[in-house]
Amino acid sequence: MVEKKLQEITTQLLDFLSNAANKPTYPKFQYFGTQHFEIPTEPNSDNQIGLRLQELFDFNMNPANPKYIGHMDSIPTLWSIIGDYVASAMNNNQLSLEMSPILTQLEYSITRQFATLFGFPNSAGGVMLSGGSLSNLQALIVARNEKLNLNNGNISALQKEPVIFTSEHSHSSIQKIGMILGIGADNVIKIKADENSKMDVVHLEQQVEEQKKLGKIPFSVVATAGTTVSGNIDPLDDINRIAKENNLWFHIDAIYGGAVIFSEKYKHLMNGIDNADSISFNPQKWLYVAKTCSMVLFSDFQNMIENFRISAPYMKEQEDFINLGEINIQGTKYAEIVKLWLSLLGLGKKGIQELIDFSFEMTEKFISEIKKREYLKLVSKPELNLICFRGEPNYIQETEFDEWNKNLQNHLINETDFFISLPRYKDDLWLRTVLLNPFLTEEYIDSLFKEIDIFDEKYKNQT
């Protein structure tokens with residue numbers, strides 16, 4: 001009975017995945033009232049559950065479609081899907097070595113290998129968490145405790161307010177972390193970016209001195225290696241210099257861009273990342289691992305342990321492998337390492353490199369098409385496979401540009417099934433593409449720009 005049901009559900013799932021290119025990228029939103037999801041008094045039949053499951057397939061976002069190029073949502077590898085299935089079936093808790101003996105060792109090994117890939121010394125290591133925000137949070141908790149000499153995290157003992165510096169284009173999680181750490185979101189100081197959306201190091205130096213004059217305590221600077229909207233990389237070497245001169249913890253949010261370390265051709269983009277005190281990275285993005293899958297790495301792993309560890313008396317003490325629940329924000333800990341490990345086995349470093357290099361090939365094609373059209377403008381010089389652009393046609397007023405781009409997005413979704421996101425950036429609406437899908441082709445890109453031209457011509461004639 002169990003085997004038959006698993007086969008039926010797997011068939012249903014495979015039907016969804018294999019036909020992804022023929023299903024909408026962005027299904028028309030349908031409102032379901034609370035009662036639609038009411039918990040039943042009596043158990044549903046297997047057939048009834050199958051029908052309810054089909055609703056999830058029919059009304060979900062569909063990142064497996066090659067025309068889905070709007071967010072950092074990659075197609076998960078087959079092995080990472082299987083990894084989720086296996087981890088759920090085993091149901092081991094990575095809270096402790098006793099509860100997950102081989103999986104704990106596996107996580108220790110894989111995070112150390114990633115630390116080495118990023119150029120960290122032998123003293124490095126890391127832990128895995130459920131999402132990039134948690135990875136950034138753990139890094140900055142350790143930074144606070146180390147730099148402010150607060151092993152127990154009690155900031156009320158400080159006479160001055162601590163501050164963190166980060167780019168105006170950094171991820172919103174950094175401000176949230178300021179709130180969570182107890183230093184206040186306002187004490188996350190936003191540093192101006194240059195014309196290519198990179199942190200302005202002159203402004204950083206000025207702000208470090210300014211905050212000191214205001215009687216505050218600078219303790220960390222956060223650089224971004226792959227900004228969320230434009231995909232740009234802050235000047236890591238220059239920021240490292242300023243961090244060292246001012247005794248600041250240097251954290252790099254490489255949640256997205258860190259994947260290029262697997263590419264011999266493009267890994268130079270991460271030059272300087274090895275100087276960080278900590279790095280956050282998400283395999284769930286450009287390594288094609290199913291969500292969630294994140295890690296935070298520390299150049300001095302023992303220092304992290306000393307500044308973060310809280311022993312748990314209900315867990316058996318260990319000598320060779322510290323229980324992960326003692327050095328991790330999460331207590332009960334899902335074995336995300338399984339899907340990452342199986343995916344790495346299935347692709348190998350060579351396979352990952354091929355996927356990343358292919359993304360860059362598609363990016364070059366995409367950028368060339370934008371540059372052919374005078375009415376399209378790039379927000380900055382692209383560095384990764386994120387491209388942020390918008391239309392600024394000369395036949396309408398500047399105040400109408402946002403409406404033009406909003407209408408273009410609607411046209412592409414409703415008429416062509418292409419999904420491009422529409423973030424607000426520097427107070428304007430921009431179109432953002434993330435070229436992750438390995439089934440994207442130059443023909444798809446050609447057809448997209450043909451549709452953009454058609455839209456522009458129609459808009460012009462209606463104006």
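Biologist: How much space lies in the second largest pocket?

Modeller: In this predicted model, the second largest pocket holds about 400 Å³ of space. Its lining consists of 16 residues, and those closest to the centre are Ala-64, Ile-75, Pro-76, Pro-438 and Phe-439. H1 and H3 are the elements that give two or more residues to this lining. The most comes from H1, with 3 residues.

Biologist: What makes up the lining of the second largest pocket, in terms of nonpolar, polar and charged residues?

Modeller: The lining divides into 14 nonpolar residues, 2 polar residues and no charged ones. Pro and Phe both count as nonpolar under the definition used, so Pro-76, Pro-438 and Phe-439, which are among the residues closest to the centre, fall in the nonpolar class.

Biologist: What volume does the largest pocket have, and which residues lie nearest its centre?

Modeller: The volume of the largest pocket is about 560 Å³. Of its 21 lining residues, Leu-13, Leu-17, Ile-81, Ile-82 and Tyr-85 lie nearest the centre. Two or more residues are given to this lining by each of helix H1 (2-18), helix H2 (46-58) and helix H3 (78-90). H1 supplies the largest share, 6 residues. By residue class, the lining of the largest pocket has 15 nonpolar, 3 polar and 3 charged members.

Biologist: How many cavities of 30 Å³ or more does the structure hold?

Modeller: The structure holds 1 cavity of 30 Å³ or more. The volume of the largest cavity is about 30 Å³.

Biologist: Why is a space called a cavity and not a pocket?

Modeller: A 1.4 Å probe fits inside a cavity but cannot get out, whereas a pocket is open. The largest cavity is lined by Pro-63, Tyr-68, Asp-73, Ser-74, Ile-75, Val-434, Leu-436 and Asn-437. These lining residues divide into 5 nonpolar, 2 polar and 1 charged. Asp counts as charged, so Asp-73 is the charged member of the lining. Ile-75 is also one of the residues closest to the centre of the second largest pocket.

Biologist: Which residues form the nonpolar patch on the surface?

Modeller: The patch is formed by Val-2, Leu-6, Tyr-85, Val-86 and Met-90, which together have about 460 Å² of accessible area. H1 and H3 each supply at least two of its residues, and the largest share, 3 residues, comes from H3. Tyr-85 has its place in helix H3, and is also among the residues that lie nearest the centre of the largest pocket.

Biologist: How do you know whether Asn-149 is buried or exposed?

Modeller: The relative accessible area of Asn-149 is 68%. The term exposed requires over 50%, so Asn-149 is called exposed. Asn-149 lies in the loop between helix H5 (132-147) and strand E2 (162-167). Its phi is near 55 degrees, a positive value in a residue other than glycine.

Biologist: What is said of the phi of Lys-426?

Modeller: Lys-426 has a positive phi of about 55 degrees, although it is not a glycine. Most residues other than glycine have a negative phi. Lys-426 is placed in the loop between strand E10 (424-425) and strand E11 (428-429).

Biologist: What makes the peptide bond from Lys-291 to Thr-292 cis or trans?

Modeller: The omega of this bond is near -5 degrees, and the bond is cis. Most peptide bonds are trans. Thr-292 has its place in the loop between strand E6 (278-281) and strand E7 (294-298).

Biologist: Why does Ile-261 count as buried?

Modeller: Ile-261 has 9% relative accessibility. The limit for buried is under 20%, so Ile-261 counts as buried. Ile-261 is found in the loop between strand E5 (249-253) and E6. Ile-261 and Phe-114 are 147 residues apart in sequence, and their C-alpha atoms are 9.5 Å apart in space.

Biologist: Why does Val-202 count as partly exposed?

Modeller: The relative accessibility of Val-202 is 47%. This value lies between the 20% and 50% limits, so Val-202 counts as partly exposed. Val-202 belongs to helix H7 (residues 201-213). A distance of 32 Å separates the C-alpha atoms of Val-202 and Lys-285, which are 83 residues apart along the chain.

Key. Residues numbered from 1 in each chain as written. Predicted model: local features only at pLDDT ≥ 70, side-chain atom pairs only at ≥ 80, totals over all residues. Heavy atoms only, no water. 1 Å grid on protein atoms, 1.4 Å probe; cavity = no way out; pocket = protein on both sides within 12 Å on 5 of 7 lines; lining within 4 Å. Points joined across faces, edges and corners; volume = space filled by probe spheres on them. Helix = DSSP H or I, 4+ residues; strand = E, 2+ residues; numbered from the N terminus. Patch = residues over 30% accessible without salt bridge, like charges linked within 9 Å, V, L, I, M, F, W, Y side chains within 5 Å. Areas by Shrake-Rupley, 256 points an atom, 1.4 Å probe, with all protein chains shown as cover. Salt bridge = Lys/Arg side-chain N within 4 Å of Asp/Glu carboxyl O. Buried < 20%, exposed > 50% of the residue type's maximum accessible area, 1.4 Å probe, protein only.
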